[in-house]
Structure formats: structure tokens, C-alpha cells
Amino acid sequence: MRKSTIWIIAIVMGFSFLALLFLQISYLEEMVKMKKEQFDESVSRSLYQVSHNMEVNETQRYLEKDVKDTERRAFSQDSVMVDGLGIKHSHQFAVASDDGTVYSSFQLKTFEMKPASVPKAMILNKDKSSLLDAAKTMQDIVRTRYIYQKALLDEVVYNILYTASDKPLKERINFRVLDSDIRNELINNGINIPYHLTVSTTDGREVYRCPDYSDDGKEFTYSQVLFRNDPQSKRGVVSIHFPEMNSYIFSSVRFMIPSIIFTIVLLITFLFTIVVVFRQKRYSEIKNDFINNMTHELKTPIASISLAAQMMNDDSVTKSEQMLSHLSKVIGDESKRLRFLVEKVLQMSMFDKKSVVFKKKELDLNETVEQIAQSFNLRVEHTGGKIYTEIEAVESAIYVDEVHFQNAITNLMDNAVKYRKQDEPLDIYIRTWNDDQHLYLSIRDTGQGIKKENVKKIFDKFYRVHTGNKHDVKGFGLGLAYVKKVINLHQGDIKCESELGKGTKFTITLPVFKEE
């Protein structure tokens with residue numbers, strides 16, 4: 001599949017997942033918003049009803065009080081004076097059916113008016129001092145009672161306006177009843193979560209606080225004015241807040257959370273799949289490059305061996321001892337080269353299968369480095385350069401597999417020679433040093449260097465820095481991967497620092513060998 005096709009599929013699928021996730025989150029936000037608005041409306045409706053109930057209860061208390069006071073005065077003696085009004089006569093009336101059932105019973109009183117006297121809850125009715133008043137029509141009696149009851153209600157209203165509002169809030173409000181009323185109203189509106197209650201005056205003075213009060217959830221406070229028709233300074237304010245409101249709101253939309261989580265998991269899985277696809281495609285390209293390189297690398301020694309064999313078998317060619325010796329040397333050298341290339345591939349295969357077995361023994365790092373440097377002296381001097389060694393490690397004992405460890409150092413030196421600047425001398429600087437826990441080996445060259453974006457990839461298997469279509473540098477891209485494997489399997493580490501055009505530096509860290 002082409003890379004552009006994979007990108008198109010990835011973009012379309014990624015956009016679809018993101019759009020689905022966005023829609024789910026938007027829907028969740030809308031549900032939370034709606035639930036919050038519903039909650040606010042329910043709490044406000046509950047508090048308003050509580051305020052209304054409180055006013056109704058207060059009116060009822062004053063009405064009952066006034067009725068009792070009035071009845072007590074009504075049964076007093078005729079000569080008792082009420083607010084400057086004398087009761088002269090009192091008559092009992094009743095309305096009954098033919099079978100004797102009493103539907104209404106009340107007293108009609110006649111009063112003696114005094115000048116400039118205006119009673120509050122009593123109706124003045126001039127007494128004719130005659131029993132003929134009892135013969136009045138039922139219509140007059142009902143009218144008289146209506147006027148009486150209306151005046152009684154007016155007196156209750158006056159008492160509430162001029163008497164009740166003069167009392168402090170602590171006397172007007174039964175806080176236990178208020179708390180119970182709020183709880184009942186909230187439950188009636190579908191809200192059954194803990195809340196904290198305070199009552200204060202309109203100027204902010206707190207007059208009551210519930211026993212278990214805390215500031216948790218105070219940012220979600222709801223208030224309602226009490227005794228709304230009283231003067232501003234006489235009103236009260238009840239406030240409640242809910243410490244568990246967020247949990248209550250989100251509990252109703254909790255069923256959406258798993259779907260969002262699954263969508264995110266699918267999105268992550270999709271992204272991981274795309275990364276794997278691109279990685280496999282890159283591995284496929286690397287594999288193809290490896291096959292091309294391997295074919296190119298193997299063709300040269302095979303062609304050399306084949307040509308030498310043809311010359312040895314060609315009767316028309318004069319075969320002197322010197323020529324036969326040369327042809328035998330060519331065949332031997334190219335056979336060794338073939339064996340070396342095949343062994344490198346087999347070694348990496350063994351590392352991948354974790355079937356390699358190290359034969360470790362104690363070595364001296366300083367001696368090993370000096371030996372390898374000596375073997376590369378001729379090649380480096382041939383370029384016009386030189387190898388400089390700084391042997392500074394005091395405790396230089398290491399416990400390694402001699403063959404693999406020497407191969408790893410040799411690979412680094414060989415890369416320094418292969419990737420030198422053409423027609424310029426190559427200098428290599430080798431240094432060893434140590435601390436209490438580790439031994440260090442650095443190999444720095446003045447070669448071509450590597451681009452920064454390629455440095456982190458050079459230890460990948462089959463990876464080779466692109467140099468165009470040139471084939472002057474041979475290899476499979478396995479050398480540095482092999483080096484890193486060997487160093488890591490010896491509990492060490494290797495790092496690369498490079499700058500294009502200035503050279504490359506490899507630093508190896510190994511644990512110090514301590515005899516038990």
C-alpha cells in the first residue's frame with residue numbers, strides 16, 4: 001500500500017474518531033447544563049414555597065389568636081367595655097333544618113356607641129332594646145355576620161402588619177420547623193441530598209446556622225427572602241448550599257462516561273495501529289534496502305571468486321606459479337569476506353533469538369584498546385592522520401566476552417575509517433577513564449559526521465545513513481546495532497554525539513569488575 005493512501009485513511013479515521021468524541025463530550029456538557037438548570041429551578045421553587053408556607057402559618061397563628069380573643073370578649077358580661085365600646089345585649093342565633101340539624105350558630109351583639117370611638121374588630125349595631133330584632137330576616141343576619149367576620153380579618157391583617165414585623169426574626173421563625181419544611185419541599189421536588197442552612201437579616205447579620213454547618217459547596221448557594229411584604233429592614237434571608245451538588249449533577253450523566261472512555265481507547269488504539277503500520281512500512285523499506293545492499297555486497301566477492309576459478313580452468317591462459325598463487329590468494333580473501341558478511345547476519349539473528357552465549361573472562365580495558373588501536377594504525381596513517389590514545393583509567397579490569405567485545409570496538413574504529421572525509425587526513429582520539437562505579441571509553445574521529453536527525457536512528461538494525469546513490473561505503477547497516485547489543489548485554493551503555501562535517505564521538509560506559 002502506498003504511503004499517501006495510508007495517510008488518507010489515517011486522517012479520515014482520525015477525524016471521524018475526534019468528531020465522535022467531540023459530539024459525545026458536547027452532549028455530556030449539555031446534559032450537565034440541563035441538569036444544573038433543573039436543579040436550580042427545583043431549589044428556587046422549594047425555597048419560595050417554604051417562604052410562602054411560613055407567611056401562611058404566621059397569618060394562621062394570628063387569626064387563631066384573634067378569634068380566641070374575640071370569642072373570649074363575646075362571652076363576657078354585657079357591661080364589659082372593649083376599646084371604649086359597651087356591649088348592651090347579646091343574642092344567640094342558630095340556623096337549622098326541619099329535622100333539627102344546626103348548620104350555623106352565632107351570637108349577635110348590640111353595642112352602645114361612644115362619640116369619636118372607632119372599634120377595630122367589632123361591628124357597632126344599635127340595640128333597639130326590643131325582642132323584635134330577632135325577627136329580622138335571615139338576609140340581614142347573614143349580612144351582619146359577614147360584616148363582622150370581615151372586620152375580624154381586617155384586625156388580623158392589621159396585627160400582622162403592625163405587630164408581627166416588630167418582632168425579631170428569632171421569635172418569628174421556628175428554625176427546626178423551617179429546616180424540616182425545606183427538607184420536605186426539596187424531596188417533593190426530587191432533591192434528596194445533604195445541605196447546610198443559614199438565616200440572616202437583609203443587612204447580612206446571621207441569626208441562625210445549622211449545627212453541622214460547613215463551607216463545602218458554598219459556591220453553590222441559593223437564597224430566598226422571607227416575609228417579602230414586610231419593610232426592607234424587617235425581612236429575613238434563608239440561604240442553603242449543597243456540598244455534594246457536583247456528585248448529584250454528574251450522577252445523572254454517569255452512563256455517558258464509559259462510552260467516552262471506550263471512544264478514547266479506540267482512538268488511542270487506532271493511533272497505535274497507524275504508528276505500527278508506518279513502522280512496519282519503514283521496516284519493509286529497510287529490509288528491501290538490506291536485500292539490495294546484501295546483493296551488492298555479495299556480488300563482488302562472488303564475481304571475484306568466479307573470475308579466478310575461470311582463469312584457473314581456462315587452458316588458454318598460461319598458469320605460472322606466481323599467477324596460481326595470486327588467484328588462490330584472491331579466492332581465499334574473497335571467501336573470508338563472504339564468511340565475515342554471513343557471520344554478521346547470523347550473529348544479529350542469534351541476538352534476536354536470545355540464543356547467544358557469552359564466554360566472559362577478565363580483561364584489561366587499557367590493553368584491549370591499545371591492541372585495537374595498534375591494528376588500525378596503518379589504515380589511519382594511510383589517510384595522512386594519526387591515532388591518539390589517552391589511557392587514564394586506573395581500575396581498568398572488565399568482565400566481558402573477549403571476541404564480541406573486541407568486535408564491537410573494532411566496528412567503531414572501522415566506521416571511523418570508512419566514513420572519513422575523502423582526500424583529508426583522519427584523526428582518531430581514544431580515551432579511557434573511570435570513577436568508583438564505571439569505566440568509560442570514548443572514540444572520537446574527525447570524519448564526515450552525522451546529521452542530528454539521524455543520530456538517534458544509527459543504532460537501529462539495518463539502518464544506514466543515506467549518502468545518495470554512492471556505493472563506496474559497503475555494509476548492511478548491522479554494525480552499530482551489533483555494537484549496541486553487545487554493550488547492553490554486558491550491562492553497559494553507549495551514546496553517540498555527532499555534528500555533520502566535524503566528526504563523531506562514541507562513549508561507552510561499563511561497570512567496574514570487582515573480584516569477590
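Predicted model: local features only at pLDDT ≥ 70, side-chain atom pairs only at ≥ 80, totals over all residues.

Student: Why is the pair of Trp 7 and Phe 278 called tilted?

Tutor: Rings of Phe, Tyr and Trp (its six-membered ring) pair if their centres lie within 6.5 Å; planes under 30 degrees apart are stacked, over 60 edge-to-face, and the rest tilted. This rule gives 11 aromatic pairs. For Trp 7 and Phe 278 the centres are 4.9 Å apart and the planes at 45°, so the pair is tilted.

Student: What makes this pair a tie between parts apart in sequence?

Tutor: Trp 7 belongs to helix H1 (residues 3-74) and Phe 278 to helix H6 (residues 256-313), so the pair ties together parts that are 271 residues apart in sequence. Helices here are DSSP runs (H or I, at least four residues), as are strands (E, at least two), numbered from the N terminus.

Student: How do you know whether Phe 278 is buried or exposed?

Tutor: Buried means under 20% relative accessible area, exposed over 50%, and partly exposed in between (1.4 Å probe, protein chains only). Phe 278 has 18% relative accessibility, so it counts as buried. Trp 7, at 47%, counts as partly exposed.

Student: What makes Tyr 388 and Tyr 429 a stacked pair?

Tutor: Their planes are 10° apart, with 5.0 Å centre to centre. Tyr 388 lies in strand S9 (residues 386-391) and Tyr 429 in strand S11 (residues 427-434), so the pair links parts 41 residues apart in sequence.

Student: Which charged end sits over the ring of Tyr 429?

Tutor: That of Arg 444, 4.2 Å from the ring centre. The rule asks for NZ of Lys or CZ of Arg within 6 Å of the ring centre and within 35 degrees of the ring normal.

Student: Why is strand S7 called largely enclosed?

Tutor: In S7 (residues 236-241), 6 of the 6 residues are buried, so the strand is largely enclosed by the rest of the structure. Both faces are covered, with Val 238 among the buried residues on one side and His 241 among those on the other.

Student: How do you know that S4 pairs with S7?

Tutor: Two strands pair if DSSP finds at least two bridges between them. Strand S4 (residues 196-201) and S7 are joined by 6 bridges and run antiparallel.

Conventions
Residues numbered from 1 in each chain as written. Heavy atoms only, no water.
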